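Here is a short briefing on one structure. Keep the sequence and the model side by side while reading.

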Amino acid sequence: MTLSRRAALSLGVSGVLTACATSGVAMLPPDQRHDAERVAHYLNGLRGVTAEFTQTGPGDDVSAGRFSYDPGHLRLDYVTPHPMTLVAANGRIVMNDSATGAVTHLSLSRNPLGLLLRTPIRFDHGIQITGVQRGVNSLQISAAEADNPSQGLLTMQFADRQDQLTLIGLDGVDARQHRLVLHIRRLQEGTVFPASTFSPPEG
């Protein structure tokens, strides 16, 4: 399988955190419920995000490029190992591999990335929280579709300093058990994107 197809199939984060199936946050301990609510509030407040990313996937493949995000929309412009563009919005993922000319179309409903692109993001309706873990200046939360968790697991990773969250990683596994890790750095907010930014690649 080519890198571009693996990336499109499995963009997300690993299922390192598991727990008994819980829809929403009501069954979480109070401290974990508070952290889940902080994450939802943070994600819903993000606007005009740009960042650099490094991505690892099956077979230790490594790629890197530019990350662009607005509520409900994500674009990844790969620079290495060769130019590729991925746009996720409006219920689908479209990836254009410039090296081969291949264009891959996938449904977000079958990919854990769809959890990140809901607007608004809510953890009290239709989402199963499978784990919340706090570290030193860090927080991560894992989630899946409540009515169909086998479609994939998404773990969102944050720096947490002075009660301020910053997205630093996405780690996911899809319905086919393909896993991929996205490391995010130098995140900035406030970019005004042209309307064409989140238009699907041609093909």
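How many residues does α2 have, and what span does α2 reach from its first C-alpha to its last? α2 has 16 residues and reaches 23 Å, close to the 22 Å expected at 1.5 Å a residue. The expected span is 1.5 Å times one less than the number of residues. Helices (H or I, at least four residues) and strands (E, at least two) are DSSP runs, numbered from the N terminus.

This is a predicted model: local features need pLDDT of at least 70, side-chain atom pairs count only at pLDDT 80 or more, and totals for chains, interfaces and linings use all residues. Residues are numbered from 1 along each chain as its sequence is written, and side-chain values use heavy atoms, with hydrogens and water left out.

**The sheet**

- An open sheet of 11 strands runs in the order β6-β5-β4-β3-β2-β1-β11-β10-β9-β8-β7, with antiparallel pairing. Two strands pair if DSSP finds at least two bridges between them.
- β6 (103–107) and β7 (127–135) stand at the edges; each has a single partner strand, so one side of each is left without a neighbour in the sheet.
- Neighbouring strands are turned by 20° against each other on average, direction ignored. Axes are lines fitted to C-alpha atoms, for helices over the stretch in contact, and angles run from 0 to 180 degrees between N-to-C directions.

**Helix on sheet**

- Helix α2 (residues 30–45) packs on the sheet and touches β2, β7, β8 (138–145), β9 (152–161), β10 (164–174) and β11 (179–188). Contact means heavy atoms within 4.5 Å.
- The direction of α2 makes about 95° with that of β10.
- Buried residues in α2 include Asp35, Arg38, Tyr42 and Leu43. Buried means under 20% relative accessible area, exposed over 50%, partly exposed in between (1.4 Å probe, protein chains only).

**Strand pairs**

- β1 and β2 run antiparallel and are joined by eight bridges. Thr50 stands opposite Ser68 in β2.
- Seven bridges join β2 (residues 62–70) to β3, again antiparallel. Ala64 has Thr80 in β3 as its bridge partner.
- The β2 and β3 hairpin has two residues between its strands, and Gly72 in the turn has a positive phi of about 80°.
- β3 pairs with β4 (residues 84–89) in the antiparallel sense over six bridges. Arg75 stands opposite Val87 in β4.
- The hairpin of β3 and β4 has three residues between the strands.

**Aromatic pairs**

- A search of the whole structure finds three aromatic pairs. Rings of Phe, Tyr and Trp (its six-membered ring) pair if their centres lie within 6.5 Å; planes under 30 degrees apart count as stacked, over 60 as edge-to-face and the rest as tilted.
- One of them is Phe53 with Tyr78: the centres are 5.2 Å apart and the planes at 85°, so the pair is edge-to-face.
- This pair links distant parts of the chain, with Phe53 in β1 (residues 49–56) and Tyr78 in β3 (residues 73–80), 25 residues apart.
- Phe53 is buried at 0% relative accessibility. Tyr78 is buried at 4%.
- Phe193 and Phe198 also pair edge-to-face, with centres 5.2 Å apart and planes at 80°. Phe193 is buried at 17%, and Phe198 at 11%.

**His73**

- His73 lies in strand β3 and is partly exposed, with a relative accessible area of 25%.
- Not counting residues up to four places away in sequence, His73 touches Ser68, Ala88, Ala89, Leu117 and Phe198.
- His73 and Leu117 are 44 residues apart in sequence and 6.2 Å apart in space, C-alpha to C-alpha.
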